[in-house]
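Thanks for making the time this morning. I would like to walk through two places in a structure that may be new to you, so please keep the sequence and the view open while I talk.

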Amino acid sequence: MTTTHPQGGFPMFVGVPEARDLLRALLPDPGTETLPLAAAYGRTLVQTLEARVSHPSATESALDGIACREADTRSASSETPVRLRVVGESRAGLTHSAQVNAGECVRIYTGAPLPPGTDAICPVEQLDDGGPDHVWLRRPARPEDVRHEGGDFMTGETVLPAGLRLTAPRLALAAALGHAEVTVRRALRVALLSTGDELVAPGLPLARGQVYDSNRVGLHAMLLECGCEVIALDHAADTPAALQGALDQAGGADLLLTSGGVSMGRYDLLRDLLIGEGQVAFWKVRMRPGGPAILGGWHGLPIFGLPGNPVSSLVVFHVIVRPALTGQAVRTLRLRAATTFRTLPDKTAFWRGVIDSGEVRDYGAQGSGMLRSLSEANALVVVPEGQTVKAGDDVDVILL
């Protein structure tokens, strides 16, 4: 249940959907820009893309072999092969345009247009040499091995609607549609800051009690996946002066994303700074892992504070931050649970799971510091607060 902070008056223990909405409301409208396809990966499409050409642009062969009349080959088999006369060749850039008559065929290659009069393909693996101008077919030619003009899409057809995130296959499709550039949401500029005296850059010597700064690496990659421009700030030590200095470096960003310093400890300084001198939109989310997250502002700069535990940090990003940054809803599947998943009475749980054979099972150890689990699991199993999920029940699953 959402409550109110006794001194600050801001909400505490908000639900996951409310946390997403509050973060989205603080982000500026990014506007739009037109980019070449090579620069648009990860961006959100804001225009509907129609096909400027048909694909395929002509009826063509799906195989290397011969093009012929299907009716001429129906009796062909290994025991009784059918002999056809070769009257030409069709390949990319050099199409056979003359009419192909009964008893004739044309050598053809994958993607080459079918010559007039032909309607079927026999692959080269089913052909024997019948002399300089003839071939033997050991099986009938098949119309199924013909790709018909416009079989994928036709000129003028709406293929990519606005609102899609541009993945590699979608960018390839945009190119096939005939578009060299697209109009997309402008990239949000996100400053990234990790905090904590215990953090050490990967590769440096590690003292007892210290940890490598894995959050910075993982969050940077996730921001790039969202199509954001990342401003990497220096690591901030656990002192008010160091933290305030780091926040002041983030000027010009649309959002400051931090990890660490947001829970209940004495050295959770981001929490103290926002509550004491900044603004707080909420503190704590009814979720596990990741409950201590905080949203606020510092001199007009929106700040989202992620927990320092690596699993908590990445899970909160996946279910709250990513949808707000991209405008894309979290993608869920409905699968059957192969094992029981633990219920929490007052929090939505996002347990790591493994999808196998159309079912999802519990990964095992669910500690919020066990980063290896997020690498080996391939799903987050969503167990709403107070609900029970037993083996055999259907459950919502977020793909990782």
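I will begin with a pair of helices and then turn to a single glutamine.

Please bear in mind throughout that this is a predicted model. The helices are α4, residues 240–248, and α5, residues 269–277, whose axes come within 10 Å and cross at roughly 70°. An angle from 65 to 115 degrees counts as roughly perpendicular, and α4 and α5 are therefore described as roughly perpendicular to each other. Where they meet, α4 brings Pro240, Leu243, Gln244 and Leu247, while α5 brings Leu269, Leu270, Leu273 and Glu277.

Staying with α4, which of its residues are buried? They are Leu243, Ala246 and Leu247, and because they cover an arc of only 100° around the axis, they lie on the same side of α4. In general, an α-helix has 3.6 residues a turn, so residues three or four places apart point the same way. The buried residues of α4 pack against α5, and also against the strands β15, β19, β22 and β23.

Now to glutamine 366, which sits in the loop between β26 (359–362) and α7 (371–376). Is this glutamine 366 buried or exposed? Its relative accessibility is 17%, so glutamine 366 counts as buried, the cut-off being under 20%. The side chain of glutamine 366 makes a polar contact, at 3.0 Å, with the side chain of aspartate 362. Setting aside neighbours within four places in sequence, glutamine 366 is in contact with Trp351 and Arg352.

Notes: Residues numbered from 1 in each chain as written. Predicted model: local features only at pLDDT ≥ 70, side-chain atom pairs only at ≥ 80, totals over all residues. Heavy atoms only, no water. Helix = DSSP H or I, 4+ residues; strand = E, 2+ residues; numbered from the N terminus. Buried < 20%, exposed > 50% of the residue type's maximum accessible area, 1.4 Å probe, protein only. Polar contact = N/O pair within 3.5 Å; in protein donor to acceptor, adjacent residues only side chain to side chain. Contact = heavy atoms within 4.5 Å. Axes fitted to C-alpha atoms, helices over the stretch in contact; angles between N-to-C directions. Parallel < 35°, antiparallel > 145°, perpendicular 65-115°, else oblique. Arc of directions from axis to C-beta.
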